[in-house]
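Please open the structure in a viewer and keep the selection tool at hand.

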Amino acid sequence: MGAPSSETTSSPAAMAAVRCELRDATTGDYFCVTHDPLDVGRVCAEVGRASAGAISTFVGTTRDHFQGKRVVRLEYEGYVPMALKEMRKIAAQVRAKWAVECVALVHRLGLVPVGESSVVIAVASGHRLEAILATHFAIDTLKETVPIWKKEVYAEEEGMQAAWKANCEGCARSLKASRAVGTGTGAGGPDQVQRGRGHMCAGAGAGAGAGAGAGAGAGAGAGAGAGAGAGAGAGAGA
């Protein structure tokens, strides 16, 4: 993906209040793009089910360095309606490959200081392996397909023009290596409900797509650019 254009972004003032949420009425899968700080506990609560013995999470955070430079912050912009649509496609792919109970994908926009989270993914399943594999696949696919861009701001360059980058680092290689793994079935239904604030939510639920799922390799995915990742699988009876 290239840098954001005037057609896919809006001014910081206009974007400041954006919080767009989408929930699949059939599967319960949850998707959100927001300028608000991310609450990992809330995202986990979105996927919690009595039938789930495990919840695996990925939390991507802004680290304080990248390639020898001191990072001040990351700035994210995105095409919100398409981002939500692509997130839903990822959940459908996950369900086509693994027997999971619920999927949640949440991405933050705007300024994300060092130590704060830019993306949270949570997957609940009956047993830990499916949840861990699905989480790995979901973060790699999100970084490859969801139209969100980041700008890295370094201490040495603060106040200067920084370059926008595609929100992906090594995703294609990781996905290729992981596609040999994956079992389970499932399908997301077409019905959905959505709510949000800000003009960028318009059309966010349109054209939800299913599609053939791809497998994922074990382990947690690495964060992109200056964003570091932290993943964990947990759950009673996992």
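Which residues of helix H2 (residues 40–47) are buried? Select the helix in this predicted model: Val-43, Glu-46 and Val-47 are the buried residues. They cover an arc of only 90 degrees around the axis, which puts them on the same side of H2. As background, an α-helix has 3.6 residues a turn, so residues three or four places apart point the same way. Next, display the surroundings of the helix: its buried residues pack against S1, S2, strand S3 (54–62), S6 and S8.

**The nonpolar cores**

Select Leu-84, Met-87, Val-94, Leu-105, Ile-121 and Leu-142. These residues have the most contacts inside the largest nonpolar core, which has 32 residues. At least two residues of this core come from each of strand S1 (19–24), strand S2 (30–34), S5, helix H3 (80–97), strand S6 (100–108), S8 and helix H4 (128–145). Helix H3 supplies the largest share, seven residues. Apart from this core lies another, of 12 residues, and Val-43, Cys-102, Val-120 and Ala-124 are among them.

Now centre the view on Val-94. Leaving aside residues up to four places away in sequence, Val-94 touches Val-100, Val-103, Ala-134 and Phe-137.

**Helix H4**

At 1.5 Å a residue, its 18 residues should span 26 Å, and the C-alpha atoms at its ends are 26 Å apart, which agrees. The buried residues in H4 are Ala-131, Leu-133, Ala-134, Thr-135, His-136, Phe-137, Ala-138, Ile-139, Asp-140, Thr-141, Leu-142 and Lys-143.

Within this helix, pick Thr-135. With a relative accessible area of 4%, Thr-135 is buried. Its contacts, not counting residues up to four places away in sequence, are Ser-56, Thr-57, Phe-58, Ile-121 and Val-123.

**The aromatic pair**

How many aromatic pairs does the structure hold? There is one. Select Trp-98 and Phe-137 to see it: the ring centres are 5.9 Å apart and the planes stand at 55 degrees, so the pair is tilted. Trp-98 lies in the loop between H3 and S6, whereas Phe-137 lies in helix H4, so the pair ties together parts that are 39 residues apart in sequence. Both partners are hidden from the surface: Trp-98 is buried at a relative accessible area of 1%, and Phe-137 counts as buried at 2%.

Move to Ser-117, which has its place in strand S8 (residues 117–125). Is Ser-117 buried or exposed? Its relative accessible area is 13%, and Ser-117 is therefore buried. Beyond residues up to four places away in sequence, Ser-117 touches Leu-38, Val-59, Gly-60, Thr-61, Arg-108 and Val-112.

Then select Gly-115, in the loop between strand S7 (110–113) and S8. Gly-115 is exposed, with a relative accessible area of 56%. With residues up to four places away in sequence set aside, Gly-115 touches Thr-61 and Thr-62.

Select Phe-66 in strand S4. At 11% relative accessibility, Phe-66 counts as buried. Phe-66 and Tyr-154 are 88 residues apart in sequence, while their C-alpha atoms are 8.7 Å apart in space.

The following stop is Gln-67, in the loop between strand S4 (65–66) and strand S5 (69–78). Gln-67 counts as exposed, at 69% relative accessibility. Its phi is near 50 degrees, a positive value in a residue other than glycine. By way of context, most residues other than glycine have a negative phi.

**A final selection: the cysteines**

How many disulfides does a search of the whole structure find? The search finds zero. Select Cys-32, which is in no disulfide; the nearest cysteine sulfur is that of Cys-20, 7.7 Å away. Cys-32 counts as buried, at 0% relative accessibility.

How values were computed. Residues are numbered from 1 along each chain as its sequence is written. This is a predicted model: local features need pLDDT of at least 70, side-chain atom pairs count only at pLDDT 80 or more; totals for chains, interfaces and linings use all residues. Side-chain values use heavy atoms; hydrogens and water are left out. Helices (H or I, at least four residues) and strands (E, at least two) are DSSP runs, numbered from the N terminus. Buried means under 20% relative accessible area, exposed over 50%, partly exposed in between (1.4 Å probe, protein chains only). Contact means heavy atoms within 4.5 Å. A disulfide is a pair of cysteine sulfur atoms within 2.5 Å. A nonpolar core is a set of buried Ala, Val, Leu, Ile, Met, Phe, Trp, Tyr and Cys residues joined through side-chain atoms within 4.5 Å. The expected span of a helix is 1.5 Å times one less than its number of residues. Rings of Phe, Tyr and Trp (its six-membered ring) pair if their centres lie within 6.5 Å; planes under 30 degrees apart count as stacked, over 60 as edge-to-face and the rest as tilted. The arc is that of the directions from the helix axis to the C-beta atoms.
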